[in-house]
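Here is a short report for a reader new to this chain. Look over the sequence and the model, then read on.

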Amino acid sequence: MQTIAAQIKSGDLSRFHLIYGEEPYLVRYYKNKLKSLLSNEGDDMNFSYFEGSQISLPEVSSLGSTLPFFAEKRLILMENTELFKSSNEAPEMLAGFPETTYVVFIEKQIDKRNRLYKWVQKNGCITECKTRQERDLLPWAAKYMRSYGKSCSRQTLEYLLSKTGFQMDMIANELDKLIGYAGDRQEIANADVDAVCSGQTVAKLFDMIDAVIAGETEKVFLLYGDLLELKEPPPRILHLLGRHINILLQIKEIGNSLAANEAAKKIGIPSFTIGKYKNQAKHFTKNELLELLETRADYEERFKTGRLSENLVAEIFLIKTLTKCEKNGTTIK
């Protein structure tokens with residue numbers, strides 16, 4: 001089965017799609033792309049939208065079983081139904097739809113053990129929108145700027161990401177500000193980034209890990225509150241913390257075997273951040289970092305399967321991390 005990107009490029013689309021994941025920009029992009037390809041703007045006769053866990057499957061079934069009206073396709077778009085977390089008759093309903101009916105699910109949480117998930121996996125296309133790495137975000141951001149007739153060096157893009165973090169919505173917002181600020185000027189430089197970009201996600205993550213190392217519990221949670229104010233959802237913060245810890249682990253494994261620039265390139269981080277990561281990595285053992293990653297993965301799984309709420313997922317991990325660091329003697333007194 002082709003990926004959703006390949007299907008969009010070829011025009012050969014599956015009839016059933018599930019789109020979910022931690023990168024809202026990509027979720028929204030694929031949702032809007034499928035909607036534009038599978039329906040005509042203003043055609044309410046052949047497009048139906050449902051949202052929330054209280055949707056009526058009989059109503060969906062009735063619409064989905066109806067042939068399109070003076071059109072080739074009927075599209076049903078459903079968001080946040082929680083059907084991929086519960087037992088239901090959706091697989092049988094979908095199996096009975098005519099070939100002219102297309103269904104797109106947009107979900108925040110799914111359980112891969114769910115019967116509907118397995119049915120769509122077999123009969124349609126499932127797209128998990130994961131957080132992009134810097135190596136993927138750099139060409140994407142460059143292409144975004146080129147579409148507006150702007151350009152900048154790789155170093156300036158790395159500098160931008162060091163301020164914004166790695167959420168594509170945040171990056172796109174800051175790029176829009178830069179493009180507007182540059183006016184008729186084509187080249188965008190570091191000075192422009194300093195002038196207009198306010199993103200602080202990455203800086204606050206560094207500060208948060210520093211506070212964990214120092215055992216400053218109050219500061220850790222003040223910084224966590226700052227990230228929430230920057231519109232970073234708790235599951236996303238948990239992911240970013242895991243990513244940060246994984247970088248520290250890679251720094252630990254590389255040691256002094258590579259020069260700073262080579263190490264940064266191998267790990268996939270801006271070269272000017274390598275010093276900060278090294279300073280933090282020296283306060284942890286390899287086993288401590290592995291334990292933290294295992295704990296993070298456990299809480300991420302609890303969230304994805306609905307056993308832990310969005311509001312608690314990152315907070316409990318931070319408490320566990322602080323406790324573990326104090327117990328293992330990692331904390332600097």
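## Around I19

Setting aside neighbours within four places in sequence, I19 is in contact (heavy atoms within 4.5 Å) with I4, V27, Y30, K31, L34, V104, F105, I106, E107, T127 and C129. The model is predicted: local features need pLDDT of at least 70, side-chain atom pairs count only at pLDDT 80 or more, and totals for chains, interfaces and linings use all residues. Residues are numbered from 1 along each chain as its sequence is written, and side-chain values use heavy atoms, without hydrogens or water.

## Cores

A nonpolar core is a set of buried Ala, Val, Leu, Ile, Met, Phe, Trp, Tyr and Cys residues joined through side-chain atoms within 4.5 Å. Buried means under 20% relative accessible area (1.4 Å probe, protein chains only). I19 is among the residues with the most contacts inside the largest core. Helix α12, residues 234–254, gives the most to this core, with 10 residues. Helices are DSSP runs of H or I with at least four residues, strands runs of E with at least two, numbered from the N terminus.

| Core | Size | Members include |
|---|---|---|
| Largest | 81 residues | V104, W140, L175 |
| Second, separate | 22 residues | M93, L94, V103, I110 |

In soluble globular proteins, nonpolar side chains tend to be buried together.

## The whole chain

The chain holds 16 helices and 5 strands. Its C-alpha trace spans about 70 × 55 × 35 Å along the principal axes. Of its 333 residues, 49% are buried. Among contacts with a separation of 6 or more, 75% join residues 24 or more positions apart.

Notes
Buried < 20%, exposed > 50% of the residue type's maximum accessible area, 1.4 Å probe, protein only.
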